[in-house]
Amino acid sequence: MRKFFLPLLFLLLFIFESLFVQFLPADSFGNRILVPRFLFATLLFLTIYVGKNQGIIYAAIFGLLFDIVYVEIIGIYFFLFPFICYLAAKVMQVIQSNIVVAFFVSLLGVALLEVGVYEINYLIHVTNLDFMSFVNLRFYPTLILNGVFLVLASYPLKRSFEKHAEALREDL
């Protein structure tokens with residue numbers, strides 16, 4: 001059962017993100033765009049608490065799945081998910097790993113993902129939104145939403161991933 005925990009968790013988060021967007025009332029926040037990045041934030045926690053290799057592998061798999069299901073261009077999330085997980089792993093080698101640092105590193109990762117996706121879409125002319133409009137309409141609301149998710153989910157994710165990492169060490 002332990003080996004199905006991570007794929008099942010990430011698959012549930014993948015589905016939950018789309019359900020969250022679908023059932024969130026469109027007019028509840030004005031013209032603000034809230035983008036749930038719960039899957040990605042959890043991938044960052046996996047990278048921090050379990051290990052770089054597993055984090056990057058799951059990030060590549062779910063980045064490709066995200067590209068196939070939601071995006072017209074294959075490769076944006078397939079590249080950005082593992083790359084940002086790699087950067088988070090490098091940052092965590094320098095900084096002491098605790099839940100507060102993991103929270104901020106994950107939130108920074110979500111911010112990098114949002115800016116990266118915006119810049120790629122702007123570069124290939126998928127969006128014509130200027131950067132300040134992007135920041136005000138999408139970036140800040142997305143960071144707030146994902147910050148709330150991380151506040152609620154940080155401790156359970158930390159505990160689960162620490163237990164998973166310990167089980168992996170015992171299997172070796």
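This report describes the overall fold of a predicted protein model and its salt bridges.

The model is predicted: local features need pLDDT of at least 70, side-chain atom pairs count only at pLDDT 80 or more, and totals for chains, interfaces and linings use all residues. Residues are numbered from 1 along each chain as its sequence is written, and side-chain values use heavy atoms, with hydrogens and water left out.

The protein chain has six helices and zero strands (DSSP runs, H or I of at least four residues for helices and E of at least two for strands, numbered from the N terminus). Of its 172 residues, 43% count as buried, that is, under 20% relative accessible area, with exposed over 50% and partly exposed in between (1.4 Å probe, protein chains only). The C-alpha trace spans about 50 × 35 × 30 Å along its principal axes.

Three salt bridges are found in the whole structure; the term denotes a side-chain nitrogen of Lys or Arg within 4 Å of a carboxyl oxygen of Asp or Glu.

| Salt bridge | Closest N and O atoms |
|---|---|
| Arg37 and Glu114 | 2.6 Å |
| Arg138 and Glu114 | 2.7 Å |
| Lys158 and Glu162 | 3.0 Å |

Arg37, in the loop between helix 1 (2-23) and helix 2 (38-49), is 77 residues apart from Glu114 in helix 5 (residues 99-123). Arg37 is buried at 3% relative accessibility, and Glu114 is buried at 1%. Arg138 lies in helix 6 (residues 131-171), so its pairing with Glu114 ties together parts 24 residues apart in sequence. Arg138 is partly exposed, at 22%.

Lys158 and Glu162 are four residues apart in helix 6, about one helical turn. Lys158 is buried, at 18%, whereas Glu162 is partly exposed, at 30%. Through shared partners, salt bridges join Arg37, Glu114 and Arg138 into one network.
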